[in-house]
Amino acid sequence: MGNPEDLTMGLKLEEPGGGEESSSIGGLNFYNYGQRDLNPYVNDQNNLVMEFYTNEVLGESDTIELRYPSEYGWNTTGAAYQISVNSGENWELTGTRVNGPDGPSIEFQLPAGFEANPGDTLQLFLGLAKNPPLGDSYTFLARTSAEEAWAYFYAPVYDKTVRELAVTAGNDAAGAQQVPYTFAFGAPYKNNPVLVLRTGEVTIASSESYDTTVQLVFPLGYTMNPDLSAADVSVRLEGWEGERVIEPTRAAVSVGDGGERIVEVDIPSWEMPSLTPVEITLKESAGIVNPAVSGAYVLKAQLDDDMESAAYEIVLREAGEEPVDTTILDVKESETSLPLSSSGNEYTLQVPYASSGPVKVLVELNDARAVLTAVADEGTVARVTYGRESEGPVYSVQFDGLAEGRNTARVVVSGDPADPHEYLIVIERAVQPVDTTFLSVKESETYLPLSYSGNEYSLQVPYASSGPVKVLVELNDARAVLMAAADEGTVARVAYGRESEGPVYSVQFDGLAEGRNTARVVVSGDPADPHEYLIVIQRAVQPVDTTFLSVKESETYLPLSSSGNEYSLEVPYASSGPVKVLVELNDARAVLTAVADEGTVARVAYGRESEGPVYSVQFDGLAEGRNTARVVVSGDSADPHEYLIVIERAARPSSVPLNGTPYPLTAAHPVAVFAEGAVTLDFTGSTFSDGAYVKAWEEPSSAGSTGLKALSKVVRFEIFGVTAAAGQTAKLTLQAAIGKANKSAGVFANTGSGWIYQRSGLVSDGGAVLPLSAEPAGSMYGVFEADRTTVKMKLGKPAGGTRELTLTSEDGAEIYYQVDGLGYQPYNAAQKPLVKAGQKVTAYAKAVNRIDGEPRELTVPNIPVIGKAEDVLKELKNGQDFNGDGSFDGSDVVDYLNLIEPYRAKP
């Protein structure tokens, strides 16, 4: 067989110990105070201590819940409890008993100031508890409020002896011989090895090593075969393989000190696991002789290691008398005649809660000589009466004032001579169904009732109230049990508990989300149909913040000035719009709207700039002065805020400085004035778009290094939105100190290639006026004192009736000439023009940094006929400027002499 240490024995009984399902409780153990184990036998008393180590931090707001078997005799009413940490100071704490659908439990509220850290060992002192009356394995469960999962502990309770012994004699007459006797009992719940398991197979142990000895005791007066053997005994068992009849391993009889006969029967242990029904029959061959004297005799049975023995009294009648049959034939309900259900000697009738009585049961006996009596059993409050219904063997047993649950009449049927039989007639009245409805639901601080519709109870709380929010639920029935959990989709934490021994529970919400926070509440009872309710805490959404975060100009991002709810931006007169302002709100949920305020002619538009909290408010067509938009910021569940955004447009300027400040132009105001009139630019007759302007800058003049001296402001311009009509010119006026000039004065323009004299400029004592045929953008203008250009003319030697014209001027000057007023053209020294006598030549020169000189005119003289010197003298007397150089001098004499005949070609 191997060593017993290698084997696992028995009908698997749970050893004392804890489970590991809960992560908040570890090492759960129960023991009797002063010991390390529990007293293990039925009806033993234990001064219970529950011990465990915590895996979580526990404090005064936490609870410990203990669920215990209802079979324990434990009076928790008014009980005092204590708790310690690491065997230190004992703290008193309260425990609330709850009868739940899964058994009774106690919820302990940890005391104020209590603290336990992970790894600390806690001892909870629970007081006296009496073990159950029947052996079995019982389960304790515990958990803390830190986790829903349970830790568990198995507590085996062992029987002290066999269960429910009954003895039957084959002949109950005194002095009867060869009488078979049957002892029927249940094997006790004991931690005895009864089965050997090896590698998953069942192996039968040897009878030598694993037998259970049953002792049967017959009192003084009985005799039997002293050579009793196993062959004289049969054993009927109900094991895992069903009902079996076996021969015991051994049977023997001995005589005790008091003359009693002690029969020992050895039965293989694996055939008789705990709680197995057993019948041991001593056959006729056992030679049992009943005592010669009639009367009551007590027979006993026990296992050889039991702490006690079980006893059964049997009554022997006088020999020769026919015993009265004291058994029941049937039991029926009087009105329906339906038989009561039976089990052994107990007959049961189920009646509804509404039936409090009278309920009559008819009992028919097997023997008319038998007599029936009935009394209310101990603990039964119902009134029980009985009586014979007729001369026959029918009796009635009537119950009145039935209590809920079990109402028992103890019925005895007796006769003379006879062994009386005792029966139980039970009327099982259903308990009053538990009322699982709400009586009231109130807020815990104000006690104001929650509003409800159907099975839903609602409480509105402000956004500021994120929890905890406690609701008190009063039930209609103190037996009802309430449980609550956060409904699906609810992020709030939901806790619940009984407020007192009465029918008041609390349901507490913490970490409330905005909007609907729902606890699904179930109220149940036994017996009862559960009711389900919803408790809803409607937390207001966070109010929308309808205030401004910032207000900025869209291009520069500079903030507007503010005073109270008014934000202002100053813009120059030239800015008639659009002007855009960016408004950033504090809350992206807020909505902004804007309208032109009463009396504002500007157009106001608004819109969201992005998904974020930024809006634009745009003004167009700004009037001079104050232009106001009335802005409203609103939101759901929020008070709207109203603001004013003001664009303060400057008045039209009479003049602007020469620093790029725009001067606005309109048809009504076509003349731009700069530097208090030192410069004006007149666009009269032009058309102007919205926002048309002209800007002017005073530029430093570098003309002094070129011989020019500025007599006016030197300016350049930028023009926008001006369209001149065909052939129309703008008029530039420059104030200048002409009278102080030492040289000639003129209007010059510079496009980057030097200062060019503008012939169209009109200069007077006070200044100059220049018509501009095109927009003067990019050019600089000014009035300067400057030297004039000069042109020199000279006619060449006549040839074929024409003369070559030579024109000269200062270096770099461009010369223009025209003949007979046919239009100026540039002079090209490489291709000098030919002119004829009598033609009128006009020429002038243009040079950078010089004023154009006055055009010089020349009429080409006639070519005289010169034949001799006297002809020359004649022409000289006329003083004719013959070569056109502007003076009559020796060069003219030479040119005449060159005309004398010898120089002519022969005809």
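**A loop residue and beyond**

Modeller: Gladly! E271 is buried, because its relative accessible area is 14% and the cut-off for buried is under 20%. Please keep in mind throughout that this is a predicted model. E271 belongs to the loop that links β22 (261-268) and β23 (277-282). Once the residues within four places in sequence are set aside, its contacts are L237, R244, I246 and T276. So the charged residue E271 has a relative accessible area of 14% and counts as buried, and R244 is among its contacts.

A382 is located between β30 (371-376) and β31 (383-388), and it is classed as buried because its relative accessibility is 4%. Beyond four places in sequence, A382 is in contact with A376, D400, G401, L402 and N407. Of these, A376 is the residue that ends β30. P358 is 24 residues from A382 along the chain, and their C-alpha atoms are 9.7 Å apart.

Now for a residue within a strand. T54 is part of β4, which spans residues 45-54. T54 is buried because its relative accessible area is 0%. A polar atom of the T54 side chain is 2.7 Å from the backbone oxygen of E56. Leaving out residues up to four places away, T54 touches S24, A116, N117, P118, G119, D120 and L122.

Six residues separate β51 and β52 in their hairpin, where S637 adopts a positive phi near 60°.

The largest pocket holds about 1,300 Å³ of space. It is lined by 42 residues, and T63, E107, A495, Y496 and G497 are the closest to its centre. The elements contributing two or more residues to this lining are β6 (63-67), β8 (91-100), β9 (103-109), β12 (136-144), β39 (481-486), β40 (493-498) and β41 (504-510). By class, the lining comprises 18 nonpolar, 13 polar and eleven charged residues.

The second largest pocket holds about 670 Å³. Its lining counts 24 residues, of which V167, Y312, E313, P420 and H421 are the closest to the centre. Here the elements giving two or more residues are β14 (163-169), β15 (181-186), β25 (310-316) and β34 (421-429). The lining splits into twelve nonpolar, seven polar and five charged residues.

Technical notes. Residues numbered from 1 in each chain as written. Predicted model: local features only at pLDDT ≥ 70, side-chain atom pairs only at ≥ 80, totals over all residues. Heavy atoms only, no water. Helix = DSSP H or I, 4+ residues; strand = E, 2+ residues; numbered from the N terminus. Buried < 20%, exposed > 50% of the residue type's maximum accessible area, 1.4 Å probe, protein only. Polar contact = N/O pair within 3.5 Å; in protein donor to acceptor, adjacent residues only side chain to side chain. Contact = heavy atoms within 4.5 Å. Pairing = 2+ DSSP bridges. 1 Å grid on protein atoms, 1.4 Å probe; cavity = no way out; pocket = protein on both sides within 12 Å on 5 of 7 lines; lining within 4 Å. Points joined across faces, edges and corners; volume = space filled by probe spheres on them.
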